[in-house]
Amino acid sequence: MAGKILRIEDLKTQFFTSRGVVRAVDGVSLHVDEGETVAVVGESGCGKTMTALSILRLVPDPGRIVGGHIWFRDRDVTTMDAEQVREFRGNDVAMIFQDPMTSLNPVTKVGTQIEEAMTAHERFSPRDALERVIPLLQRVRIPAAERRRQDYPHQFSGGMRQRAMIAMGLANEPQLIIADEPTTALDVTVQAQIVTLLKQLNSELGTAIMLITHNMALVASICTRVIVMYAGRVVEEGPVRQIFKSPQHPYTWSLLRSVPRVDEVRRSRLVSITGMPPDLVRMPPGCKFHPRCAFRVDRCSDDEPALDEVGPNQVARCWVLMRNVPQEAARELEAVTISRDVVEELKATAPDLEDVADGS
Amino acid sequence: MAVEAPAPGASAQPALDPVILRVENVYKHFPVGGIATEVVRAVDGVSLEVRRGETLGLVGESGCGKSTLARLITQLQPATAGQVIFNGEDLTRVSGGRMRRIRRQMQMIFQDPFASLDPRMTVGEIVGEPIDNFGIARGRARQQRIQELLRLVGLNPNFTNRYPHEFSGGQRQRIGIARALAPNPTFIVCDEAVSALDVSIQAQIINLLQDLQREFNLTYLFIAHDLAVVRHLSDRVAVMYLGKVVEVADRNDIYAAPQHPYTRALLSSIPVPDPEVEAGREPILLQGEIPSPVNPPSGCRFHTRCPIAQVPGVCSETEPELEPHGHASQIAACHFAGREIA
Amino acid sequence: MALPIPAAPVEEVDWDVPEQVGLWTDVWRRFRRNRLAVAGAVVVVILLADALLAGLLQQIGLIQDPIKQHVEITLAGPSAQHLLGTDYLGRDTLSRLMYGARISLTIGILVQAIYVVIGGTIGMIAGYAGGRVDNLLMRFTDIWYAFPDLLFVLVLVSVFGPSLLSIFAAIGIVNWVNLARLVRGQVLSIKEKEYVESARAVGSSHFKIVLRHLVPNALGPVIVTLTFGIPAAIFLEAALSYLGVGIQPPTPSWGVMIQDGYQAIYASPWQVTFPAFAIAITMLSFSFIGDGLRDALDPRMRQ
């Protein structure tokens, strides 16, 4: 029976700025089981990266974890002292960031950096660490590993740097890898290589993966469970097939329909969510998504819904739920966005363009 | 969506050429270092056509030269060789003054909403710049036009005195679109216009671009690396690799029956937001990395990574030409176009 | 629970854009937070007031005549009559100090105008035109820079005779190089920015691009450099006057006062310390302001 290796309970991380308190993570609870691949999705400002940084106690100033617990197996990360945190990071849980160039030390050889990742935690003696470097590089499919370990990061291409980061992350055999937008900065064909690698690591080594991304296609490719975040809270969660087939939260629903697919043109217009994510300092009352929600009812602006079960292993934070929305309402969202009379007005005031044809 | 020739007996205007832009054998080489013998062959012999009223998508990965090509077309960079013929005029040969006038017809939307707006200018000044340059309106009418443009793209027209940093990324991109529309152009080059935006904002801007195209009869050259977005918006798609065009086809043909192995690999690398489909799919993994544009491989540039290349053989010796393969107007540059990848 | 009616248009949430701090307001705020910079600014304001009002103050009798010699009390220490004592000709030190501020500030600040005109123009043209024009102008600048500035100024002043104007011109002509290099660097980096590219794409002429895009965006570091240039110019003038080729007596200048005071250093060490102190404080104040401005204008430290 798979155990839970990570359990977050009502996590609250806030930033104290001159404008006010930014509630970046506002009561998030989630878990990751052994060997699972979980996606945390949402757009900028939803709190997914902050949640990940909180897990590793890497929240930058002026931010702080102000409430809740993060259990890694049976240890509470939020109460660890500096020494324990240092030991925890990179050891049991490793993080891969979006831009490998800034996460790798440009003046140290790649092989050395991987060795350091191992010796820093004293899990391996320097001699053992040295011996493990090449197999690690090979495991992440870096060709000519013996030669490559002597190279510096700038001598690696973007894709290879990302693999080197993954190798560093794997060095101490962590139980969980948190990958924050690991492929966004990479070319599409390289993305495919990294995705395949992550899937292999998960199936061969049993390493759990928490993938943080806004790319729904990536989620469909790698993960078995999806957690959707908005405005610092979880708004929906469930098995990947269920979420994609019948999302219940309007945000999830809209997100899935706002993404064009490369394999077919199903509809001629994308669903677009009007407006912008809320200001995390002054959030709207009731449901945080309601100002942008096309399906809201009166209750939505007064009470914030709780995460309720809406299907087997699926929960959503919504009073309405997409299954209660009639088809016609959904189709309304495909309406034209620009107003006709403004168009007419503009055409009237613009000069004619025929003159260009005759070269004047 | 080609424009039909006017019926006989209609106005005496000559029929507009259905091709609004013709890029002919264009090259752009950047010298490397001081006394250069080496060059970066960013664009290395590209020929393309854009038809009036259509959206031509241009895709490729890093180093393929698509952004450089955009700048060659809009003359923001001079071409090393070749011709860019817009509405019958060769832009590589016109004077600076004439080019400036032509720009009224040919506008560009840039990728970075944070960098493409001058931080020291107000929104009104930014959108007003092309209006002033082309003398389109003055005084009261000018102010009105600016406000109409803002309203058109979904922004509050009262914000003409605000500065770019007060707006979000998506809003800034709208400002950029308003600016591009201000002189009432016919042709717009969208250089990664939605790549820097969040997913749901992307959808807003994509919808906006579609609506604007329909209302104002615009022609788009849509450059992007996201093939799903390109498929959604484009009528035809051109694929570039290492400075050359490797395939051009109608949007459905290119996705249903790609002829060039690179196009195939590219398409197969893109995940689909559908777990059922993904579970049954294996991407074609290309070996190696994209070669340097300073020293492109001999013969077919793709041969070093191509799963079906004949090496040594025709693929490493002779550069293939763009020739008709596959469906109707599909062209691909491959000696073994259409062959299955084992 | 009532089912939602097919959606009424969602109100345009994009309509509302929260007003944020203006660009210059932000700069001012950040500047204010730097105590040293504010202190420097206060000192400079006092000096400016002094420079402007010195004549008035003398008229209403608050300060003495700086030229009037009181031969009976030469090299006196501070007293009720002469708060900072007198120099070797019996002239009141305090009033000479206060009038001296005029010279220092005038030269220090106005010389920047010459820097801007010569250096700014050369830097702008070199940066924007690029290529051979840039090469030519920069080599010219390098050659100019190779001349040791103090010597060069000395030569110019000797040739044209020591007067306020010639000192002014000499310092300006000699030292514009730094500003030229800075402006060129700024222009080179701004030129590549996407908003300049888009200005070209919307048909703006070169002139318009320089005026409306390059100048406003290059202003920040230029202002900082000019601010730092002021103490340098002040020092140069003081050095000239000290060497005797600057301001001629009896006009009080801090440099001259140092020279005079130095001659009499054993008799009365006060006379050299007061003007030296004045120069030091003035230079420091401008430097603090420059530091403060540089931090306040740094876009990366925006809040």
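How many residues of domain 1 of chain A are in contact with domain 2 of chain A, and how many of domain 2 take part? I began with this question, keeping in mind that I am reading a predicted model.

**Entry 1, the domains of chain A.** I looked up the domain assignment, which gives domain 1 as 4-223 and domain 2 as 249-359. Taken over C-alpha atoms, the centres of these two domains of chain A are separated by 33 Å. To answer my opening question, I noted that ten residues of domain 1 are in contact with six residues of domain 2. On the domain 1 side, I found that strand β2 (residues 20-33) of chain A supplies the largest share, five residues, and that this side divides by class into five nonpolar, two polar and three charged residues.

**Entry 2, chain A against chain B.** I then turned to the contact between chains and recorded 50 residues of chain A in contact with 52 residues of chain B. The helices of chain A that each supply at least two residues to this side include α8 (188-205), α9 (216-222) and α13 (340-349), and I noted that α8(A) gives the most, with seven residues. By class, I listed 29 nonpolar, 14 polar and seven charged residues on the side of chain A that touches chain B.

Conventions:
Residues are numbered from 1 along each chain as its sequence is written. Chains are lettered from A and ligands numbered from 1 in the order in which they are written. This is a predicted model: local features need pLDDT of at least 70, side-chain atom pairs count only at pLDDT 80 or more; totals for chains, interfaces and linings use all residues. Two residues are in contact if their C-beta atoms, placed from the backbone, lie within 7 Å. Helices (H or I, at least four residues) and strands (E, at least two) are DSSP runs, numbered from the N terminus. Ala, Val, Leu, Ile, Met, Phe, Trp, Tyr, Cys and Pro count as nonpolar, Asp, Glu, Lys and Arg as charged, and the others, Gly among them, as polar. Domain bounds come from an automatic or database domain assignment.
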